[in-house]
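Subject: Structure for you to look at

Hello,

Here is the structure I promised to pass on. Please open it alongside this note, and see whether you read it as I do.

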Amino acid sequence: MTRETPPSIGRRTALALPALLLPMAARAQAAWPDRPVRFIQGFGAGGTTDIVARLLAPAMSAAWGQPVVVENRPGAGGTLAANTLARANDGHTLMLLNNGFAVSAALYRTLPYDPRADIDPVAMVATTGLVILAGPNGPKDMAELVAQAKARPDAINFATVGVGSTQHFVAEAVQSAGGFRMTHVPYRGTPAAIIALRNNEVQVVAETASAVLGQIRGGEVRALAITSGQRSPLLPEVPTVAEALGQTGFDIVTWYAIGTPANAPPAVVRRITDVAQAMHGNAELQARLGALGLTPRAPGTPAETRATVHAEMARWAEVVERTNMERQ
């Protein structure tokens, strides 16, 4: 059914309505958010993603004048939370994405959402390298680990927080770069993997640096290498994987970015990128991220952020193909 102009409005007035309404629409968009914002993340309480989300939320709330409520929706490597974001139609749901979002796009044959078409990563926040860990009585450095693994292919066990996790994919990439093979043993969470390492149930663990700084500093575990292109200022004595393996260009980090459902209004995206830029310039917030082992990232433009995340999807799809990893 077509809608007609009410009889009480003349033709000239009707034609002028769009121009009259534009300032009103602009004011409405500028007022976003006009109610509390859900800031979802796909992992359990106390993990790095949860901590980062809870660091960002107060700054976002202060800038926008509305509560920003962190909501944990753990499960299936973050895909449950991503599906919630993709299906959100309230205009007030955001998500703190991490590298698991790109990994899931590569690993799962089917997802309940299209990671490229249904979700828009719009602003980077931070990155962190992952560390390859050994127990106190394990290999002293990467050279020793590689030598042991090559002498006994698949005899060395490595732990991660799950099949298809970022940690799993990164460990596969390190093995591929070094030309050695280990056996993957998944655990339910970082604490269980570290206990298994201390008990010599596994000989290696791959984990984000931010999650295990305390154990490294306490001498419970030994960091053999970090996957980022540069050494971490918090672990300056730990070589990069590129240094340890002589693999120039090896640079893998997990990242954190603010995402929206696809096609969020441009004015809303601008408000998000504006607050992300302000947070990047907030020295206290950046210091707190740095203390967690995170490297603050300039948010970039939405187009740059989207291109980075989509490139990560392609990168991990290539890892799946090259390592013959079974897709889920």
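Below is what turned up in the pockets and the nonpolar cores.

Please keep in mind that this is a predicted model.

The largest pocket holds about 880 Å³ of space. Its lining is made up of 39 residues, and Phe43, Gly44, Val161, Ser165 and Gln167 are the ones nearest its centre. Elements that supply two or more residues to this lining include α2 (48-64), α6 (166-178), β7 (204-208) and β9 (253-261). The top contributor is α4, with four residues. By type, the lining of the largest pocket splits into 22 polar, 14 nonpolar and three charged residues.

The second largest pocket has about 210 Å³ of space. It is lined by 14 residues, with Asn137, Gly138, Pro139, Asn200 and Gln203 closest to its centre. Here the lining consists of six nonpolar, six polar and two charged residues.

Now to the interior. Nonpolar side chains tend to be buried together in soluble globular proteins. In this model, the largest nonpolar core counts 49 residues, and Phe101, Phe169, Val174 and Trp316 have the most contacts inside it. Again α4 gives the most, this time six residues to the core. Another core, of 30 residues, lies apart from that one and has Val52, Leu94, Ala123 and Met279 among its members.

Best wishes

How values were computed. Residues are numbered from 1 along each chain as its sequence is written. This is a predicted model: local features need pLDDT of at least 70, side-chain atom pairs count only at pLDDT 80 or more; totals for chains, interfaces and linings use all residues. Side-chain values use heavy atoms; hydrogens and water are left out. On a 1 Å grid over the protein atoms alone, a cavity is a set of points where a 1.4 Å probe fits but cannot get out, and a pocket is an open set with protein on both sides within 12 Å along at least five of seven lines; lining residues have an atom within 4 Å of a point. Grid points are joined across faces, edges and corners, and a volume is the space filled by probe spheres set on the points. Ala, Val, Leu, Ile, Met, Phe, Trp, Tyr, Cys and Pro count as nonpolar, Asp, Glu, Lys and Arg as charged, and the others, Gly among them, as polar. A nonpolar core is a set of buried Ala, Val, Leu, Ile, Met, Phe, Trp, Tyr and Cys residues joined through side-chain atoms within 4.5 Å. Buried means under 20% relative accessible area, exposed over 50%, partly exposed in between (1.4 Å probe, protein chains only).
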